[in-house]
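Here are my notes for you. Have the sequence and the model open while you read.

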Amino acid sequence: MRLRQESGQCAGHAMCYAVDPELFPIDDEGYSTVQTTDVDPGDVERVRLGVSACPERALVLEE
């Protein structure tokens with residue numbers, strides 16, 4: 001599985017960050033800085049929660 005961010009979609013709500021600050025880092029203005037990355041099996045559930053928390057659907061979990 002891979003986590004990626006849709007370019008330009010983040011509106012800075014930081015809802016993903018509230019789920020897990022380490023998996024969903026943000027910048028000083030509250031915008032996501034998630035880079036495309038493979039998801040560790042132990043993190044899948046938290047990644048799903050963070051992705052579903054995004055009101056802009058800026059985060060995508062590719063299975």
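1. A word on terms before we start: buried means under 20% relative accessible area, exposed means over 50%, and partly exposed is in between (1.4 Å probe, protein chains only). This is a predicted model, where local features need pLDDT of at least 70, side-chain atom pairs count only at pLDDT 80 or more, and totals for chains, interfaces and linings use all residues. Residues are numbered from 1 along each chain as its sequence is written, and side-chain values use heavy atoms, with hydrogens and water left out.

2. Take a look at Arg57. Its phi is near 55°, a positive value in a residue other than glycine. At 52% relative accessibility, Arg57 counts as exposed.

3. Ala14 also deserves a glance: it is not a glycine, yet has a positive phi of about 60°. With a relative accessible area of 21%, Ala14 is partly exposed.

4. Now the cysteines. How many disulfides does a search of the whole structure find? Zero, a disulfide being a pair of cysteine sulfur atoms within 2.5 Å. The sulfur of Cys10 has its closest cysteine sulfur in Cys54, 6.5 Å away, so it is too far for a bond. For Cys16, the closest cysteine sulfur is also in Cys54, at 6.4 Å, again too far for a bond.
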